Amino acid sequence: MKISVSMVRFITRNIRKSVGLKMVPLLLCSLLFLNVLYESKSQAAQHTNFVIVGGTGDLARKYLWGSALRLFVENFSENNTFSFYAGARVSQTDGDKALNDILNSNKCDSNDPKCEKLRPKFLENAKYVVLKYDENYTNLCNTFRTEKGPEITIHQIFYLSIPSSAYQSVTHNIHSNCRHEKISSTKVVLEKPFGLDKESAAKQAEVISEHFHDDEVHRVDHYLAKSVSKQILNFRAKNREILDELLNGQFVDRIEIVMKERIGNKGRIDFYDQTGVVRDVMQNHLTELLALVAMELPVNISDCKMIEDYKLHLLRQVKPVSSDALLFGQYAKYVEEAKDEIKNIDQSHLTPTFAAALLQINNPRWRGVPFILTSGKHMDERTSHVRILFREKEFCVSGCADGNSTFTKYPRQLIFQIGHGPVPSAGILVSKSLFNPSWPSSMKELPMTSKDSAIHGQSPGDFHYAVPVVDTQAYTMVIHDLYHNNRESFVTTARMLLLWEIWDNVIKETSLTVPRLYKEFSPVNLNFTVDGLKLRYLGQGQSEYSGKFDGLEMPNFAVIPPLFRNKTLFCKPLKDLVKVLATYIFKTAENAIKERNIFHIAFSGGNTPVILFKELLGSFPLFPWEQTHIWQVDERCVSQKHENSNFLSLHDNLIKFTNIPYFNIHPMPVSFAGKICAHESKGDNLYEDMINHLIPAQVFDLILLGLGTDGHTASLFPGYTHSKKDKRLVALTKSKADGNFDRMSLLPPLINNAREVTVLVTTKEKHSILQKISDIQTRNKQYPITYVSPVSGNMSWFIDIEAWLGQ
């Protein structure tokens, strides 16, 4: 019997009377020691009932029963006992056989004598039970009341390895039948998917919360239980000082989070038609990895509550994914496999088995850094990793491994190889050119010296490489964390709903998107590029179109060549064309600033550029306006406040919405002292002087031109002639042969000196002039556009489908 405080006082009084005061301390210590001994023994005596609902299914067969054996071996003792139950809907006979087959297939490692010794005991304590009707749960849970004595603390775990559609009825049965006075704790474990959208996820959580508190519910994300995933925060903490400095937009170019699989979906078509690759792994596994890498690092990484708070804070800053930042693919045999498994394959045609997405984080540390998530089935390799690629700002002149050249494309990277891939074992890799890492005690460094192969684009010898000391299988760690009340491998309700906030809208918006087909194990046509904050396949914009395209009926013979007038041609519907041109400008600006720290661009007038301005403002919030100088290609002879002023349109549709410095804006000086385009004012000479002063060698980075129906460009109209001897760069011009000067324009010598010249041509009215100038030999004063031919720069034509086809 436990000795109470009042009993101690009673015994003390009597000891004083019988043996004297000196013996009191000794006898008291003895009593207290016996009391502690009793307490520890009674507290240690506990029994756990572990019920796997769906205990003969695929997940249980592959992972859960092996993990249950490991749990038993590590924790069983005389005072710590277990009972394991496989619950399913099949008959007792069929269930016994199925469970027996599973248990017989789960052997101990040859070098694990403890497991060999305890495995028979484990088998004695594992049994099959029918869990089909309410009374089955009643019968099972009644045994929990009577199987142990009153001094044993009883815990129960229900692992729901079943479709989520059954969660409601099963959790109701558990609550109604298994929550009685002898149970000290109850845990319910859920496998994804946690709903198919935010609404269904919230509903699922609401239903379960009617019976169980949030700390009793454990939603599994086994990627969080993988050995390297568990080392991410440890590694960051061990190298806190240097990584706090490096992990931000100043140094990080992009972060790739990748999960590629060789297997397909055969046998799982019905499930995959409901989920697709985004719901299956990107909305959960890959976004969880993003949070581990991108979250601020807590002071105490052992504090699970603090870690959870920091994750939630980070996920609130992740912007919802946009539809133009998401690509889909489907392996070629998917629909064929669907025909063998399901009756209605309408959805199968739209099911993505590959996806790539660009995510953005709206905080000072990560603003402007693209997080690229990719995952697919039947891919060319099996790998899962987080790869942080750092910007290169150095030039190697001497002592370079590969000669006197710039470093390789990404010589500085930090890689968390979660599983498989090109390394001998899952681990962490740090480019030696990045920093010399300190490793947590739970990791050990391994040498890699081979130069005959490549790992993520680098020689193995270029990396520091370490692996977890103990590489525990993910579900073994899930069961371990579950039993020991470690929440790291599980997703809270709040976090689950935030993950859906990021993905919910885009999943709905793209539900009817037809995925690009790819060949199994050779998906080269899925290669894509990042255009600003958008993604597009490298093969997009094919040269042949037929049938309907954005509502436009197109002839079958319509073939769009790669060149027009021997220059690069981009030909697309207007909306897509403007996106491509805006991206082209953004990339040109980025490159110019990287090379020269400044970007000079000149815009033509007219209405056509207005749609381009909107695209630049809407899709490229990180456009480097502060380092951009804006010039005019041409201007009408009107005041800047006049409705026909090109500068007014440029200002009202673009400039006023940017943070471009005032001194970087260069309007054409067509008005002086109330005089408009007066020859004596010499505004053209003044503009030319400004160009000479501010632009080295008079080389614009990019000039955007238009094309009139009569062949004019800039403000160079039919009949315009330019002598080769004339070295002027800017001049007053006439829109009519017999008229007065009414325009100011850049001249061909200056235009042709640019690094990039782009010509934007829209509307079907331009079809006729395109036909007239299509012959590369055409070059005369009737069509001034034919004078445009850069000396050493590039020229690109951006022509919309209507202008190309004339309809």
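Mentor: Before we start on this predicted model, one definition: a charged patch here is made of residues with over 30% relative accessible area and no salt bridge, with like charges joined within 9 Å.

Trainee: Okay, so which residues gather in a patch of negative charge on the surface?

Mentor: Asp and Glu are what count as negative here, so those are the residue types to look for. On the surface, the ones that gather into such a patch are Asp270, Glu336, Asp340 and Glu341.

Trainee: Moving on to paired charges, how many salt bridges does the count come to?

Mentor: The cut-off is a side-chain nitrogen of Lys or Arg within 4 Å of a carboxyl oxygen of Asp or Glu. Going by that rule, the total is 29.

Trainee: Asp253 and Arg391 make one of them, so how many residues apart are they?

Mentor: Their side chains meet with N to O at 3.5 Å. Asp253 sits in strand 7 (residues 252–260), while Arg391 is in the loop between strand 11 (383–390) and strand 12 (413–420). The pair links distant parts of the chain, and the separation is 138 residues.

Trainee: Which residue other than glycine has a positive phi near 50°?

Mentor: Most residues other than glycine have a negative phi. Check the loop between strand 14 (443–445) and strand 15 (463–468). The residue with that positive value is His456.

Trainee: Last one: how many contacts beyond four places in sequence does the model have for residues 402–408?

Mentor: Be careful there, as pLDDT stays under 50 over that stretch. Residues 36–42 also stay under 50, with four such contacts. For 402–408 the number is 12.

Technical notes. Residues are numbered from 1 along each chain as its sequence is written. This is a predicted model: local features need pLDDT of at least 70, side-chain atom pairs count only at pLDDT 80 or more; totals for chains, interfaces and linings use all residues. Side-chain values use heavy atoms; hydrogens and water are left out. pLDDT is the predictor's confidence in each residue, from 0 to 100. Contact means heavy atoms within 4.5 Å. Patches are made of residues with over 30% relative accessible area and no salt bridge: like charges are joined within 9 Å, nonpolar side chains (Val, Leu, Ile, Met, Phe, Trp, Tyr) within 5 Å. Accessible areas come from the Shrake-Rupley method with a 1.4 Å probe; for residues, only the protein chains shown count as cover. The place of a charge is taken as NZ of Lys, CZ of Arg, CG of Asp or CD of Glu. Helices (H or I, at least four residues) and strands (E, at least two) are DSSP runs, numbered from the N terminus.
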